[in-house]
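Trainee: Could we go through this structure together, taking the strands, the core and the side-chain pairs in turn?

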Amino acid sequence: MANYNRVTLIGNLTRDPQLRYTPSQQAVCDFGLAINRKWKGADGQMHEEVCFVDCTAWGRQAETLQKYVTKGQPLFVDGRLTFRQWDGPDGKKRSKLEVTVERFQFLGSPKGGAARTGRSPAEPAAAADRSGKPTDAARQEAAGGENQTGAATDYDFNQDVEDDTIPF
């Protein structure tokens with residue numbers, strides 16, 4: 001008999017990720033996702049429900065999630081269902097299903113910044129011509145320089161050469 005255990009979710013974090021380490025120094029990150037569903041019922045009314053899912057990431061992924069995402073940010077998660085059981089403080093058996101994260105993808109804007117622009121939310125958007133393409137002045141302003149052009153702005157040629165010789 002074949003078995004298949006795969007979960008794919010897109011939702012918003014319900015709390016900041018909580019990073020901890022096992023006694024063997026393995027990173028573990030716990031966080032929650034809220035997945036919203038909206039639909040129109042037979043009566044024509046709009047309905048909404050929210051599903052809250054606990055997720056756990058391990059290793060480098062755990063450290064990356066804790067570093068770059070915060071409560072409220074959207075996240076794509078791909079993983080598997082894991083069933084956990086434990087004894088509660090009152091002696092009763094407790095259990096829950098959670099998602100063990102195998103892959104994830106950041107969605108939306110980065111932590112503390114504007115989406116894909118490299119500018120803070122308070123800065124005005126760069127000027128564009130009628131076709132919607134940014135003007136040369138706007139590109140230079142976004143690059144942070146006055147006379148910089150295209151590819152030269154992306155690489156600091158002095159970063160890995162201590163003297164003025166070219167390493168061939």
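Predicted model: local features only at pLDDT ≥ 70, side-chain atom pairs only at ≥ 80, totals over all residues.

Trainee: Which residue in β5 is the bridge partner of isoleucine 10?

Mentor: Strands β1 and β5 run antiparallel to each other where they pair. Within this pairing, the residue of β5 that forms the bridge with isoleucine 10 is phenylalanine 76.

Trainee: Over how many bridges do β5 and β6 pair?

Mentor: Strand β6 covers residues 93–106, and its pairing with β5 is antiparallel. One of the bridges joins glycine 79 to valine 101 in β6. For the pairing of β5 and β6, the count of bridges is 13.

Trainee: In the hairpin of β5 and β6, which residue takes a positive phi?

Mentor: The hairpin of β5 and β6 has five residues between the strands. The residue there with a positive phi, near 90°, is glycine 91.

Trainee: Which element supplies the largest share of the largest nonpolar core?

Mentor: This core has 19 residues, and those that touch the most other members are Phe31, Leu33, Leu65 and Leu75. At least two residues come from each of β1, β3 (27–40), β4 (46–58), α1 (59–68), β5 and β6. In soluble globular proteins, nonpolar side chains tend to be buried together. The largest share here, five residues, comes from β3.

Trainee: Which phenylalanines does leucine 75 touch, leaving out residues up to four places away in sequence?

Mentor: Leucine 75 is one of the core residues that touch the most other members. With the sequence neighbours set aside, its contacts include Leu9, Ile10, Leu13, Leu33, Leu65 and Val69. The phenylalanines among its contacts are Phe31, Phe104 and Phe106.

Trainee: Is threonine 64 buried or exposed?

Mentor: Threonine 64 has its place in helix α1, and, not counting residues up to four places away in sequence, it touches Phe104 and Phe106. Its relative accessibility is 18%, and because the cut-off for burial is under 20%, threonine 64 counts as buried.

Trainee: What geometry does the pair of tyrosine 68 and phenylalanine 106 have?

Mentor: The whole structure holds two aromatic pairs. In the pair of tyrosine 68 and phenylalanine 106, the ring centres lie 6.1 Å apart and the planes stand at 65°, so the geometry is edge-to-face.

Trainee: How many residues apart in sequence are the parts that this pair ties together?

Mentor: Tyrosine 68 is partly exposed at a relative accessible area of 42%, and phenylalanine 106 is partly exposed at 35%. Because tyrosine 68 lies in helix α1 and phenylalanine 106 in strand β6, the pair ties together parts whose separation in sequence is 38 residues.

Trainee: Which residues form one aromatic cluster?

Mentor: Phenylalanine 104 and phenylalanine 106 also form an edge-to-face pair, 5.3 Å from centre to centre and with 65° between the planes. Phenylalanine 106 is paired with tyrosine 68 as well. The members of the one cluster are Tyr68, Phe104 and Phe106.

Trainee: Over the ring of which residue does the charged end of arginine 37 sit?

Mentor: Here the contact is between a charge and a ring, and the charged end of arginine 37 is 4.2 Å from the ring centre. The ring belongs to tryptophan 39.

Trainee: Which residue forms a salt bridge with aspartate 54?

Mentor: The count comes to 13 salt bridges. Aspartate 54 lies in strand β4, and its partner is 39 residues apart from it, in the loop between β1 and β2 (18–21). The closest N and O atoms of the two are 3.7 Å apart, and the partner is arginine 15.

Trainee: In the salt bridge of arginine 84 and glutamate 98, which residue counts as buried?

Mentor: The two side chains meet at 3.6 Å, N to O, and the pair ties together strand β5, where arginine 84 lies, and strand β6, where glutamate 98 lies. Arginine 84, at 33% relative accessibility, counts as partly exposed. At 5% relative accessibility, the buried residue is glutamate 98.

Trainee: Which residues are linked in a network of salt bridges?

Mentor: Arginine 94 and aspartate 90 form a salt bridge with their closest N and O atoms 2.9 Å apart. As for the network, the residues linked in it are Arg6, Asp78, Arg80, Glu102 and Arg103.

Methods:
Residues numbered from 1 in each chain as written. Heavy atoms only, no water. Pairing = 2+ DSSP bridges. Helix = DSSP H or I, 4+ residues; strand = E, 2+ residues; numbered from the N terminus. Core = buried A, V, L, I, M, F, W, Y, C linked by side-chain atoms within 4.5 Å. Buried < 20%, exposed > 50% of the residue type's maximum accessible area, 1.4 Å probe, protein only. Contact = heavy atoms within 4.5 Å. Phe/Tyr/Trp six-rings, centres within 6.5 Å; stacked < 30°, edge-to-face > 60°. Lys NZ or Arg CZ within 6 Å of the ring centre and 35° of its normal. Salt bridge = Lys/Arg side-chain N within 4 Å of Asp/Glu carboxyl O.
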